[in-house]
Amino acid sequence: SPPPRRHRATVLPMPPLRTEVTEITTGVAMLGLGDLDWALGARPEQLVGVEDAQWDRLTTARADGTHDADFHRAWDNGLAFLRAEEALRGRVPHRIEWKGPDKLPLVTDVPADLRVDRVFLVSCKYLSKVLHNLAPSGLFDGGLAGSVAKAGDWFAAVAPSELQAFYDAARAELESSGLPGAKDLAHLPDRVGDLARTGRDVLKAALGRTLPPSAADAYSGLARAVAERSADRWATTLGDRAEKERLLWRLLRLGGAPYFVLGASSPSAPPMRLRIDTPWDWQQRYRLTAFEVWPEPAGQAVVRWQASVSDRDEGGDLTVRGHVEVRWSHGRFSGHPEAKVYLDTPHASVPGYHPLR
């Protein structure tokens with residue numbers, strides 16, 4: 001008989017300390033405990049999903065003073081949510097669940113970090129304008145409509161000759177440079193498609209941050225080709241006005257349930273406290289009139305996107321802008337290419353994002 005199958009326990013990655021500080025502190029503040037330091041020491045059982053090791057890291061960070069600004073921003077945002085007329089209205093919740101490092105199964109899911117009394121969904125967004133980070137095919141071919149696309153070499157798919165030219169130029173420059181490790185490059189394959197993980201690591205380390213001149217020119221050609229062809233691929237999938245409108249909802253993370261965003265877009269910016277519409281809410285007030293994409297290589301492959309929206313309630317037109325950076329996930333030649341979607345318009349000016357009252 002075959003040996004019994006062994007099941008491996010799933011070990012989730014530990015979130016960065018700033019993430020723990022902002023998300024957990026936001027939740028603690030909603031409990032109305034009055035004092036930040038006392039609340040951290042009390043480790044309230046109403047906040048579910050936080051392990052002892054995470055409480056320990058928070059109290060250590062608080063004592064060190066290294067994240068004071070993050071603690072205070074998160075604490076103020078949690079208190080504002082407790083008091084807000086559109087949120088808890090001063091009623092202390094019985095249960096707050098922290099999502100922690102879990103991954104969303106679908107790119108269209110509500111990006112909630114906290115769930116309050118199984119009703120209120122809250123996303124804690126501090127110092128980030130990133131809306132999505134996914135395989136390029138999931139955006140440019142799939143329009144964010146399905147599950148997360150499988151990673152692959154997008155550069156090889158849309159710009160194979162330019163990728164090979166960059167690879168050749170980088171190898172040639174480095175092999176003739178006489179730098180330490182240059183001998184290792186002689187063992188790399190001739191075709192970039194045959195480059196193994198170890199070879200990618202060697203090449204990434206040898207290239208460093210600043211490219212040699214001829215390699216920089218080849219990289220510019222690659223970035224330009226990837227930007228142009230990614231924009232072309234995306235444009236062919238946009239469809240009619242209704243399909244473009246649905247794409248905009250997915251880009252802006254409008255989900256099947258309303259949720260709230262608490263955070264700050266930059267260290268000097270005022271707090272960001274928003275209520276996010278559902279698509280149904282959005283359609284009652286807004287209508288998409290145009291959606292455009294175009295390439296803009298700027299050091300790396302960039303695709304710009306812009307939506308024009310009419311506001312039935314206030315009258316007039318609104319514009320929402322963003323961009324997509326297409327790049328290797330772990331440095332040149334290292335990791336699969338990723339599409340990082342940014343929102344360039346201030347959050348409070350986006351149709352469907354409403355200041356919390």
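Good morning, everyone. Please keep in mind that this is a predicted model. I'll start with the inside, then turn to the charged pairs.

First, the cores. The largest nonpolar core has 66 residues. Which of them touch the most other members? They are Trp234, Phe291, Trp305, Val324 and Phe333. Helix α9 covers residues 213-236 and gives the most to this core, with nine residues.

Look at tryptophan 234. Set aside its neighbours within four places in sequence. What is tryptophan 234 in contact with then? The list includes Leu139, Phe140, Leu247 and Leu251. It also includes Phe291, Val293, Val303, Trp305 and Val324.

Now the charges. Side chains of opposite charge can pair when their charged atoms come close. How many salt bridges are there? The count comes to 27.

Pair one is arginine 229 with glutamate 162. Their side chains meet in a salt bridge at 2.9 Å, N to O. Arginine 229 lies in helix α9, while glutamate 162 lies in helix α7, residues 160-175, so the pair ties together parts that are 67 residues apart in sequence. Buried or exposed? Arginine 229 is partly exposed, at 32% relative accessibility. Glutamate 162 has 18% relative accessibility and counts as buried, because the cut-off for buried is under 20%.

Pair two is arginine 304 with glutamate 296. Here the side chains meet at 3.1 Å, N to O, in a salt bridge. Arginine 304 is partly exposed, with a relative accessible area of 23%. Glutamate 296 is partly exposed too, with 30%.

Aspartate 52 has a relative accessible area of 53%, so aspartate 52 counts as exposed, the cut-off being over 50%. Arginine 43 is partly exposed, at 27%.

Last, the network. Which residues are linked in a network of salt bridges? Find Glu86, Arg275, Asp277 and Arg357 in the structure. Those four are linked by salt bridges.

That's the tour. Thank you.

Terms used
Residues are numbered from 1 along each chain as its sequence is written. This is a predicted model: local features need pLDDT of at least 70, side-chain atom pairs count only at pLDDT 80 or more; totals for chains, interfaces and linings use all residues. Side-chain values use heavy atoms; hydrogens and water are left out. A nonpolar core is a set of buried Ala, Val, Leu, Ile, Met, Phe, Trp, Tyr and Cys residues joined through side-chain atoms within 4.5 Å. Buried means under 20% relative accessible area, exposed over 50%, partly exposed in between (1.4 Å probe, protein chains only). Helices (H or I, at least four residues) and strands (E, at least two) are DSSP runs, numbered from the N terminus. Contact means heavy atoms within 4.5 Å.
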